[in-house]
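Please look at the structure shown here before reading on.

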Amino acid sequence: MDQGNKDHAALAERFNEDEPRVNWHDETLWWVRAKRDKAAHTLPEWEQLREAASQIKNNVLSNLSEYLLQFEEKAKANGVVVHWAADAKDHNEIVYALLQQNGISRIVKSKSMLTEECHLNDYLQQQGIEVIDTDLGERIVQLANEPPSHIVLPCIHKKKEEIGELFHEHLGTPAGNADPKFLANAARLNLREKFLTRRAAMTGVNFAVAETGEFVVCTNEGNADMGAHLADVHIACMGIEKIVPQRNHLSVFLRLLARSATGQPVTTYSSHFKKPRKGQQMHIVLVDNGRSVQLGRADFRNSLKCIRCGACMNTCPVYRRSGGHSYHTAIAGPIGSILAPNLDMRKYADLPFASTLCGSCSNVCPVKIDIHDQLYKWRQVLVKEGYAPAAKKIAMQGMTFTLSNPGVYQFAGKAGRWIMDKIPFIVNNKLNPWYKQREMPEPPKQSFGEWYKKNRKDNL
Amino acid sequence: MNSREKILSAVKNNQPAQNILPELQSFLKPDTKVLEKYINVLTAIGGLAHVVNSYAEIDNIIGQEYKEAQRIISLSKELPMPGRAEKYADPHELETVDLAIINAQFGVAENAAVWVTDDMLPQRVLPFITQQLAVIIKRTDIVPTMHYAYERIGNADYGFGVFIAGPSKTADIEQSLVLGAHGPKTMRVFIL
């Protein structure tokens with residue numbers, strides 16, 4: 001999908017062209033958010049759980065190098081091969097080398113946002129490797145040649161009719177059939193053949209336990225397990241921040257993850273992979289790709305606590321009305337907007353501004369990341385480092401001048417009200433960004449200052 | 001410097017000051033209504049629950065409910081089926097299983113999950129590849145929450161362990177819930 005070099009505002013504008021669809025997208029995600037609330041409210045200890053999760057993750061960050069070494073040692077003792085990748089390129093090359101060593105050119109892959117972040121599919125396809133995404137939502141966007149628009153609900157932007165058309169074209173389902181049950185079953189039959197014939201399976205990792213060397217993968221569809229338990233080679237890729245210290249800490253995270261994500265009490269499958277099965281190879285690739293740098297940024301390091309539940313996206317008024325693709329990065333929404341500038345400040349300078357700073361994201365975050373504070377702090381860093389667009393800079397300077405000079409401020413207010421009243425076409429046009437997708441408000445007759453002056457005298 | 005050393009030294013340099021781990025004991029709150037809760041949650045997530053008093057009863061229900069099933073694998077000694085699981089060297093041999101009847105170590109009331117480890121399975125893929133799944137647990141083996149679940153698992157050494165909560169499902173197409181994504185289309189739990 002061509003997104004060119006457009007920024008969030010420009011891409012959101014494209015998404016906003018179809019108003020009924022925007023409303024549908026907005027309502028669907030809000031419905032998921034409401035399910036999350038319902039699930040959270042059934043647990044009186046919900047806030048204590050969030051606090052415990054936050055504290056465990058803080059402890060992980062402060063001992064990460066030790067936990068990584070412990071995890072490596074235990075995993076090796078379990079018969080798992082551990083690889084280290086400094087960046088995306090390293091990660092992709094390690095995966096490719098493993099496939100080459102085993103003479104494998106076709107693989108199945110369950111959901112892994114890390115492999116999206118590393119653009120693994122593109123890389124492998126260039127090397128002649130066929131990658132089949134097996135999560136239904138991911139398979140749909142893969143057939144549409146698009147990236148996922150949401151980390152938990154990859155094709156939340158697609159209508160069932162569009163999916164029906166894609167399946168008609170690629171899986172040979174009857175034209176015009178858009179019944180979700182029918183389409184899901186068609187995908188089940190199609191992907192079953194892939195699970196049974198592919199010799200390597202890739203999965204992501206939700207949690208990795210330092211104490212035992214095991215890792216946990218959560219799915220509802222069972223696709224990670226179908227892939228991994230049938231394949232000769234299982235390759236699991238994880239960001240280094242996925243570590244938890246002890247096995248019993250999983251209780252806290254598994255209670256929070258699915259409830260925060262979709263409102264389910266737990267995902268259908270929480271699979272604990274500790275040792276390869278007899279005759280199987282199991283590999284873990286530990287990926288840094290900027291995480292150690294983020295760890296060094298005191299204001300932003302706790303973004304690494306994220307467990308990828310997607311709750312911040314579902315609740316975000318900007319995400320819901322601009323769509324995941326407008327963030328032009330693997331992880332969209334509020335959390336993605338604080339992770340992405342760490343990787344490339346210039347490319348993602350627009351993202352921390354794609355927020356109203358309402359704070360809803362921070363309120364639903366199961367590990368208590370101060371997401372909206374970090375968005376605000378990123379804005380300051382980006383402006384200081386010279387990544388703010390020139391127009392925004394000039395506008396801000398103009399605002400500073402106006403707001404710090406009472407005379408200018410009063411004149412500007414008066415002029416604005418007069419224009420909106422007498423010659424509204426000056427502001428009601430395409431050149432005014434505030435007029436896009438909205439009507440301008442009725443101008444008040446007077447400013448508060450004017451009203452106060454008048455009424456104060458009358459009252460005395 | 002190789003990637004491993006590079007990552008470890010960067011992490012070590014950048015990791016913040018010590019933060020203490022929280023205690024989790026306070027989350028262990030006993031609950032007397034675990035059976036009722038387990039059944040309610042399982043039903044809500046699309047599973048089927050049967051409280052039974054004997055294996056004969058289970059056998060009866062299986063005979064009634066899975067008339068279409070051609071290939072049944074039972075891991076329960078008390079429920080011998082024609083295709084009783086022996087050893088399967090290759091997990092692909094399980095491709096055509098219609099119904100798998102397995103034992104689980106325990107159930108979790110808050111989310112209706114059952115805990116199964118690979119020593120209880122002929123192949124890890126069995127509870128996923130089967131078209132329908134039936135699980136037997138004892139009613140005395142239902143714990144209230146995941147905190148109790150991990151207390152119970154302790155430091156057990158398994159190769160693979162899984163919490164299974166309901167049939168496999170997807171809501172990826174317009175958030176419409178469909179049971180039977182890639183794994184079983186149904187999950188029936190017999191509580192003995």
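This is a predicted model: local features need pLDDT of at least 70, side-chain atom pairs count only at pLDDT 80 or more; totals for chains, interfaces and linings use all residues.

Reader: How many helices and strands does chain A have?
Author: Both are DSSP runs numbered from the N terminus: helices are H or I with at least four residues, and strands are E with at least two. On this basis chain A has 21 helices and 10 strands.

Reader: Why is chain A described as being as compact as a globular protein of its length?
Author: The radius of gyration is taken over C-alpha atoms, and the globule rule is 2.2 Å times the number of residues to the power 0.38. For 460 residues the rule gives 23 Å, and chain A is as compact as a globular protein of that length because its radius of gyration is close to this, at 25 Å.

Reader: How far apart are the C-alpha centres of domain 2 and domain 3 of chain A?
Author: Domain bounds come from an automatic or database domain assignment. In chain A, domain 2 spans 43–289 and domain 3 spans 395–459, while domain 1 is made of 1–42 and 304–388. The C-alpha centres of domains 2 and 3 of chain A are separated by 52 Å.

Reader: Which residues of α18(A) meet α16(A)?
Author: Contact requires C-beta atoms, placed from the backbone, to lie within 7 Å. From α16(A), the residues A:P334, A:I335, A:S337, A:I338 and A:P341 take part; from α18(A), their partners are A:I371, A:Q374, A:L375, A:W378 and A:L382.

Reader: Is A:L357 buried, partly exposed or exposed?
Author: A:L357 sits in the loop between α16 and α17 of chain A, and has a positive phi of about 60 degrees although it is not a glycine. A residue is buried if 20 or more other C-beta atoms, placed from the backbone, lie within 10 Å of its own, exposed if 12 or fewer, and partly exposed in between. Because A:L357 has 17 C-beta neighbours inside 10 Å, it counts as partly exposed.

Reader: Is B:A112 buried or exposed?
Author: B:A112 lies in the loop between β4 and β5 of chain B and has a positive phi of about 65 degrees, although it is not a glycine. Because 28 other C-beta atoms lie within 10 Å, B:A112 is buried.

How values were computed. Residues are numbered from 1 along each chain as its sequence is written. Chains are lettered from A and ligands numbered from 1 in the order in which they are written. Two residues are in contact if their C-beta atoms, placed from the backbone, lie within 7 Å.
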